[in-house]
Amino acid sequence: MTSHPNPRPLPVPAPAHADPLSDTRGRALRDLRISVTDRCNFRCTYCMPKEVFGKDFQFLERGALLSFGEINRLVRLFRDQGVEKIRITGGEPLVRRKLEVLIEMLAYWDDLDLTLTTNGSLLAQKAQALKDAGLKRVTVSLDSLDDTVFRAMNDVDFPVARVLEGIEAADRAGLAPIKVNMVVKRGVNDHTVVDMARFFKGSGHILRFIEFMDVGSTNGWQMQHVVPSRELVSRLDEVFGIESLDPNYTGEVAERWRYRDGSGEVGFISSVTQAFCRDCTRARLSAEGSLYTCLFATRGTDLRALLRADASDEEISAQIARIWRARTDRYSEIRTEDTAKQRKVEMSYIGG
């Protein structure tokens with residue numbers, strides 16, 4: 001793996017843009033999610049089902065991945081285009097060797113909100129190093145506290161206790177507020193929702209419930225497996241008492257609710273039943289450098305070729321601007337059972 005020889009690049013001031021970068025629906029480019037690997041040590045049934053991503057599956061060769069230096073350069077150019085938040089994803093990002101080196105490089109841009117999403121399996125070992133490198137916050141995926149249910153969903157027999165150890169380590173390191181994401185699938189783990197809420201209520205961590213989405217083409221998505229967020233709101237309100245909150249900012253993915261007794265908040269990510277396309281400010285960069293403008297995209301645009309052909313900053317920035325200004329994506333607003341069957345890029349390839 002090639003990494004940047006100097007994790008502290010020379011500062012490059014962000015230019016003033018007379019013409020803010022926005023797409024065909026007036027949506028600004030504010031968030032960039034970067035997949036640093038297409039590999040994962042879990043085989044979650046809604047993301048990387050084992051029957052597809054088995055032992056013979058061909059993942060990207062190391063040389064095909066963007067180097068840390070290439071990622072850092074692209075982040076600088078996206079920052080110049082108005083990006084304010086960087087989220088490191090995978091696959092499972094912590095399986096990428098020496099990830100803290102990349103974090104240190106990106107943390108140089110201290111005006112960026114630098115976060116990471118992980119399955120938590122390696123977080124106990126990595127949390128302090130990530131914090132020391134400059135990571136600000138983490139989001140941990142945890143689909144149930146019931147060990148039998150969780151082991152079945154991750155499909156590698158990984159225990160809940162070790163994910164909780166990772167969350168505790170991240171909390172001690174100061175990677176807060178920690179968000180915990182639970183993908184809810186009817187008939188699989190929806191009966192554990194209240195127990196999850198009870199466990200994290202009052203902890204200072206923000207539990208977020210995610211509707212099972214038709215990302216990619218291999219997870220067997222059907223509408224009957226979706227538990228609408230409004231149903232979960234009713235369940236939690238009946239048990240605990242919750243009330244809605246205003247969003248923190250335009251384009252926030254999760255709808256915010258708080259416990260009426262003041263013991264914290266929960267979130268609901270409702271891409272299926274309450275599409276939020278109209279405010280979406282997110283672009284995604286795959287591990288080998290393809291730019292995607294939607295989680296449900298069918299194709300991306302290769303930026304790695306420009307990087308490795310010694311294209312100038314101006315040429316790469318112009319390509320980024322062209323892609324975003326032509327963006328028309330609104331998949332969740334037009335989703336049907338038929339569109340769900342279309343072949344789309346896998347979530348493990350571009351992150352959630």
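Helices α2 and α3 cross with a right-handed sense. In this predicted model, α2 spans residues 99–107 and α3 spans residues 123–133. The two helices belong to a protein chain that has eleven helices and twelve strands. The points below treat the helix pair, then the chain as a whole, and then some details of the backbone.

**The pair α2 and α3**

- The axes of α2 and α3 lie 8 Å apart, and the helices pack at an angle of about 25°.
- This angle makes α2 roughly parallel to α3, because angles under 35 degrees count as roughly parallel.
- On the α2 side, the contact is formed by E100, I103, E104 and A107.
- On the α3 side, the residues that meet them are K126, A129, L130 and A133.
- By type, the residues of this contact comprise five nonpolar and three charged, with no polar ones.

**The chain as a whole**

- The protein chain has 352 residues, and 56% of them are buried.
- Its accessible surface amounts to about 15200 Å².
- Carbon and sulfur atoms account for 48% of that surface.
- Of the contacts between residues at least 6 apart in sequence, 74% join residues at least 24 apart.

**Cis peptide bonds**

- The peptide bond from G90 to G91 is cis, and its omega is near 15°.
- G91 belongs to the loop between strand β2, residues 85–89, and helix α2.
- A cis peptide bond also links A176 to P177, with omega at about 0°.
- P177 is placed in the loop between helix α5, residues 160–173, and strand β5, residues 179–184.

- K98 is not a glycine, yet its phi is positive, at about 55°.
- The loop between β2 and α2 contains K98, and G91 is found in the loop between β2 and α2 as well.
- K98 has a relative accessibility of 48% and therefore counts as partly exposed, since exposed means over 50% and buried means under 20%.
- D155 is likewise not a glycine and has a positive phi of about 60°.
- D155 is located in the loop between helix α4, residues 147–154, and helix α5.
- With a relative accessible area of 27%, D155 is partly exposed.

Methods
Residues numbered from 1 in each chain as written. Predicted model: local features only at pLDDT ≥ 70, side-chain atom pairs only at ≥ 80, totals over all residues. Heavy atoms only, no water. Axes fitted to C-alpha atoms, helices over the stretch in contact; angles between N-to-C directions. Helix = DSSP H or I, 4+ residues; strand = E, 2+ residues; numbered from the N terminus. Parallel < 35°, antiparallel > 145°, perpendicular 65-115°, else oblique. Left-handed = near helix turned anticlockwise from the far one by under 90°. Contact = heavy atoms within 4.5 Å. Nonpolar A, V, L, I, M, F, W, Y, C, P; charged D, E, K, R; others polar. Buried < 20%, exposed > 50% of the residue type's maximum accessible area, 1.4 Å probe, protein only. Areas by Shrake-Rupley, 256 points an atom, 1.4 Å probe, with all protein chains shown as cover.
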